[in-house]
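Colleague: Hi! Could you walk me through this one while I have it open?
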Amino acid sequence: PPAPETTTDDDDRPPDAFRRPALPVVLPPAATDDDPTDDASPATPPSPFFPAAFPPDDRAERPSPPDVFVCPITLAVMTDPVICTDGHSYERLAIQRWLSTHGTSPLTNVPLDSTALVPNRNLKRAIAKFRANADLF
């Protein structure tokens, strides 16, 4: 007997082969000479997923605070600086928490003679002046 005839479509694949549906191709409209938009402008409005949607980063233009304004424990600009008996300035709450569980300097780990804290008014004024002039904090 003759072999059963197998039918194939026009691309010579067997009839049980997987076929993907054709996807439509959508192209943006062609730019014309009378188009007032700039060629460099994006075809779609900016979104949060594209850098064009974010404002320019002006951190490079801002003055960074001097290191003496930054607490060595919190690494943030101090709001209530105090001087510890090790001679260094710290944010009051940060050094109080440190001293409640340690009897040493957070920077040198040397035992402290006293846990007395003295307000650093000059540093506080300097930080306030920097903040006012830099308009940052």
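Modeller: Happy to! Let me begin with a term: a disulfide is a pair of cysteine sulfur atoms within 2.5 Å. By that rule the count here is zero disulfides. Please keep in mind that this is a predicted model.

Colleague: Okay, and is Cys-71 buried or exposed?
Modeller: Cys-71 counts as buried, because its relative accessibility is 0% and the buried class is anything under 20%. Cys-84 is at 4% relative accessibility, so Cys-84 counts as buried too.

Colleague: Let's zoom out. How many helices and strands are there in the protein chain?
Modeller: The protein chain has two helices and three strands. Going along the sequence, they come in the pattern β-β-α-β-α.

Colleague: In what order do the strands sit in the sheet?
Modeller: The order is β2-β1-β3, in an open sheet with antiparallel pairing. The edge strands are β2 (89–91) and β3 (118–119), and each of them pairs on one side only.

Colleague: How many bridges join β1 to β3?
Modeller: Two bridges join them, and the two strands run antiparallel. If you want to find one on screen, look for Ile-83, whose bridge partner in β3 is Val-118.

Colleague: And which helix packs on the sheet?
Modeller: That's helix α1, residues 92–101. Helix α1 touches β1, β2 and β3, and its direction makes about 95° with that of β2.

Colleague: New topic: aromatics. How many aromatic pairs does the structure hold?
Modeller: One aromatic pair. The partners are Phe-69 and Phe-130, with ring centres 5.7 Å apart and planes at 70°, so the pair is edge-to-face. The cut-off behind that name is a plane angle over 60 degrees.

Colleague: Where do those two sit?
Modeller: Phe-69 is in the segment before β1 (81–83), while Phe-130 is in helix α2 (residues 121–134). Those parts are 61 residues apart in sequence, so the pair ties them together.

Colleague: Are Phe-69 and Phe-130 buried or exposed?
Modeller: Both Phe-69 and Phe-130 are buried.

Colleague: What about Val-68? Buried or exposed?
Modeller: Val-68 is exposed, because its relative accessible area is 56% and exposed means over 50%. Val-68 lies in the segment before β1. Leaving aside residues up to four places away in sequence, Val-68 touches Met-78 and Leu-123.

Colleague: Where are Leu-75 and Asn-109 found?
Modeller: Leu-75 is in the segment before β1, and Asn-109 is in the loop between α1 and β3. Leu-75 has 65% relative accessibility, so Leu-75 counts as exposed. At 53%, Asn-109 counts as exposed as well.

Notes: Residues numbered from 1 in each chain as written. Predicted model: local features only at pLDDT ≥ 70, side-chain atom pairs only at ≥ 80, totals over all residues. Heavy atoms only, no water. Phe/Tyr/Trp six-rings, centres within 6.5 Å; stacked < 30°, edge-to-face > 60°. Helix = DSSP H or I, 4+ residues; strand = E, 2+ residues; numbered from the N terminus. Buried < 20%, exposed > 50% of the residue type's maximum accessible area, 1.4 Å probe, protein only. Pairing = 2+ DSSP bridges. Contact = heavy atoms within 4.5 Å. Axes fitted to C-alpha atoms, helices over the stretch in contact; angles between N-to-C directions.
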